[in-house]
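Visitor: I am new to protein structures. Could you walk me through this one?

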Amino acid sequence: MPEVKCNVSNCVYWAEGNNCHADTILVEVDQHANEDYDMSAAGHFVDDALHKDKASTVAETCCHTFRSRH
Ligand code: SF4
C-alpha cells in the first residue's frame, strides 16, 4: 500500500506529518471534480466511480475522498 502525503489539513483523513490515513483514496480528473463518485468502506468502487480517464498535467487531477473536518 503506498504512503500518501497530502497538504490538505482540513480533511478528516489528514494526520500530522501531512499523511493521509484513509484506507483507500479515489483520484479523479478535474473534469469530474463535482461528480458524486464514492467508494465502499472496503475500497470497492460504487456505481459510476469505476471508469477510466486521462489527464495531461498534474494540475488536472484531484482527490475525491476529501471530507471537510467542518
Ligand atoms: S483523503 Fe485526499 S484530501 Fe484527504 S488527506 Fe487523504 S489525500 Fe488528502
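Visitor: In what order do the elements of the protein run from the N terminus on?

Guide: This is a predicted model. The protein has 0 helices and 6 strands. With strands as its elements, the order from the N terminus reads β-β-β-β-β-β.

Visitor: What is the radius of gyration of the protein, and how does it sit beside the globule rule?

Guide: The globule rule gives 11 Å for 70 residues. The protein comes close to that, so it is as compact as a globular protein of that length. Its radius of gyration is 12 Å.

Visitor: What box do the C-alpha atoms fill?

Guide: Take the box along the principal axes. The C-alpha atoms of the protein then fill roughly 30 × 30 × 30 Å.

Visitor: Among contacts between residues at least 6 apart in sequence, what share joins residues at least 24 apart?

Guide: A contact here needs C-beta atoms within 7 Å. Start with the contacts between residues at least 6 apart in sequence. The share that joins residues at least 24 apart is 49%.

Visitor: How do the residues around the ligand divide into nonpolar, polar and charged?

Guide: The residues around the ligand include Cys-6, Cys-11, Cys-20 and Cys-63. The shell divides into 11 nonpolar, 1 polar and no charged.

Visitor: Is Gly-17 buried or exposed?

Guide: Gly-17 lies in the loop between strand E1 (14–15) and strand E2 (19–20). Its C-alpha is 29 Å from that of Glu-35, which is 18 residues away in sequence. Gly-17 has 6 C-beta neighbours inside 10 Å, and 12 or fewer is the cut-off. So Gly-17 counts as exposed.

Visitor: Asn-18 is in the loop between E1 and E2. What is its phi near?

Guide: Asn-18 counts as exposed, because it has 12 C-beta neighbours inside 10 Å. Its phi is positive, in a residue other than glycine. The value is near 60°.

Visitor: And what is the phi of Asp-47 near?

Guide: Asp-47 sits in the loop between E5 and E6. It counts as exposed, with 8 C-beta neighbours inside 10 Å. Asp-47 is a residue other than glycine, and its phi is positive. The value is near 50°.

Visitor: How far apart are the C-alpha atoms of Leu-50 and Cys-6?

Guide: Leu-50 is in the loop between strand E5 (45–46) and strand E6 (61–63). It has 11 other C-beta atoms within 10 Å, so it is exposed. Along the chain, Leu-50 and Cys-6 are 44 residues apart, and their C-alpha atoms are separated by 23 Å.

Visitor: Which residues does Thr-24 touch, not counting those up to four places away in sequence?

Guide: Thr-24 lies in the loop between E2 and strand E3 (27–29). With 14 other C-beta atoms within 10 Å, Thr-24 is partly exposed. Its C-alpha is 13 Å from that of Arg-67, 43 residues away along the chain. The residues that Thr-24 touches are Met-39 and Gly-43.

Terms used: Residues numbered from 1 in each chain as written. Predicted model: local features only at pLDDT ≥ 70, side-chain atom pairs only at ≥ 80, totals over all residues. Near = placed C-beta within 6 Å. Nonpolar A, V, L, I, M, F, W, Y, C, P; charged D, E, K, R; others polar. Helix = DSSP H or I, 4+ residues; strand = E, 2+ residues; numbered from the N terminus. Rg over C-alpha atoms; globule rule 2.2 N^0.38 Å. Contact = placed C-beta atoms within 7 Å. Buried ≥ 20, exposed ≤ 12 C-beta atoms within 10 Å, placed from the backbone.
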